[in-house]
Amino acid sequence: MTRIPFSLLDLSPVPEGSTPAQALANTITLARHAEDWGYQRYWLAEHHNMRGIASAATAVVIGQVAAATKTIRVGAGGIMLPNHAPLVIAEQFGTLETLFPGRIDLGLGRAPGSDQVTAMALRRNMSTAADRFPEDVIELLGYFQEADETQSVIAVPGEGTHVPVWMLGSSLYGAQLAAHLGLPYAFASHFAPDALEQAIEVYRSRFQPGITREPRFMLAANVWAAQTTEEAIRLKSSQQQAFINLRTGRPGRLPRPVVDISAQTDPRFLAAANSALSVSAAGDRDKVGEELEALIARYQPDELILTGMIHDPAARLRSFEIAAEVLGQEKGAATERCA
């Protein structure tokens with residue numbers, strides 16, 4: 001296995017038959033284990049108006065995860081900046097960095113992380129929010145720098161904290177902006193892989209040193225690992241169903257897995273789900289290792305971030321544990337390479 005740093009993306013899934021409170025408790029448990037297993041980062045994602053995702057108040061959950069762990073980096077993968085005033089995010093993440101120095105990451109996305117009606121409920125004026133995204137990113141970056149005497153607005157806490165900022169994206173837009181600003185870049189290939197190869201080429205070829213001196217690309221991939229490949233494929237069916245439900249206007253809590261999803265799903269919808277989830281590894285330890293190795297060899301990421309929506313919290317723990325065993329990165333080496 002090619003050894004690169006590996007991290008974990010958690011949406012705090014709410015399984016059918018469970019509650020948001022239990023989902024958040026499961027997140028804390030997983031984060032503590034992920035730290036022990038050698039994951040470099042533990043990121044949480046901002047989504048709204050979704051009964052199956054409990055990480056809407058992302059900065060709050062990040063604080064709880066950071067408080068429950070000791071060394072793992074904790075951050076947002078990401079904050080959907082059009083939903084927020086840059087100063088508010090600077091204060092939130094400046095506070096987190098002040099409370100947990102050297103452990104906080106901030107990934108920024110341009111999508112609302114919700115439907116347009118919800119987006120309007122989140123921010124006073126969505127008509128220009130997405131169009132202002134580059135300006136908002138630059139404004140936010142400025143709040144993390146040392147303020148000068150002429151600066152009338154300062155983020156307190158925030159000023160001088162230099163919180164590491166990542167650009168997130170699922171299209172060429174984020175790749176171009178990350179390259180222009182000299183930011184590290186994470187591609188949402190775990191659910192929107194169509195522009196992946198082109199985005200990597202654009203980012204690396206156009207990168208200009210800025211916040212970071214060299215391009216740094218993170219690949220997002222799903223993983224469903226179990227004792228047997230048959231069981232891993234069964235576990236995967238929860239996320240396939242959730243994707244289909246979302247795209248057909250029936251979002252809800254994370255469905256229970258099924259043995260044969262093809263027997264109860266429209267083949268057109270299943271094909272669309274499988275295409276969206278194609279940057280993935282599913283199987284027993286050996287198969288997951290082979291598939292992760294193939295992804296690393298093909299896309300040459302500097303870092304891998306894994307996610308995977310699994311209905312049973314114990315099975316989810318075991319899946320990420322197997323993935324960590326496969327990737328085989330010692331925690332000390334990962335920290336040296338990712339600092």
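Which backbone nitrogen does the side chain of Ser237 reach? In this predicted model, that side chain reaches the backbone nitrogen of Val258 at 2.8 Å.

Let's stay with Ser237 for a moment. Ser237 sits in helix 8, which spans residues 229-247. Its relative accessibility is 1%, and because buried means under 20%, Ser237 counts as buried. Leaving aside residues up to four places away in sequence, Ser237 touches Pro257, Val258 and Ile261.

Now let's turn to the strands, with strand 2 as our guide. Strand 2 covers residues 41-44, and both of its faces are covered. On one side Arg41 and Trp43 are buried, and on the other Tyr42 and Leu44 are buried too.

| Strand pair | Sense | Bridges |
|---|---|---|
| Strand 1 (residues 6-10) and strand 2 | parallel | three |
| Strand 2 and strand 3 (residues 73-80) | parallel | four |

Tyr42 is a handy residue to look for in both pairings. Leu8 has Tyr42 as its bridge partner in strand 2, and Tyr42 stands opposite Val74 in strand 3.

How does the chain get from strand to strand? From strand 1 the chain crosses through helix 1 (residues 20-37) to strand 2, in a right-handed β-α-β crossover. Strand 2, helix 2 (residues 58-68) and strand 3 likewise form a right-handed β-α-β unit.

Definitions and conventions: Residues numbered from 1 in each chain as written. Predicted model: local features only at pLDDT ≥ 70, side-chain atom pairs only at ≥ 80, totals over all residues. Heavy atoms only, no water. Buried < 20%, exposed > 50% of the residue type's maximum accessible area, 1.4 Å probe, protein only. Helix = DSSP H or I, 4+ residues; strand = E, 2+ residues; numbered from the N terminus. Pairing = 2+ DSSP bridges. Right-handed = clockwise from strand over helix to strand, strands pointing away. Polar contact = N/O pair within 3.5 Å; in protein donor to acceptor, adjacent residues only side chain to side chain. Contact = heavy atoms within 4.5 Å.
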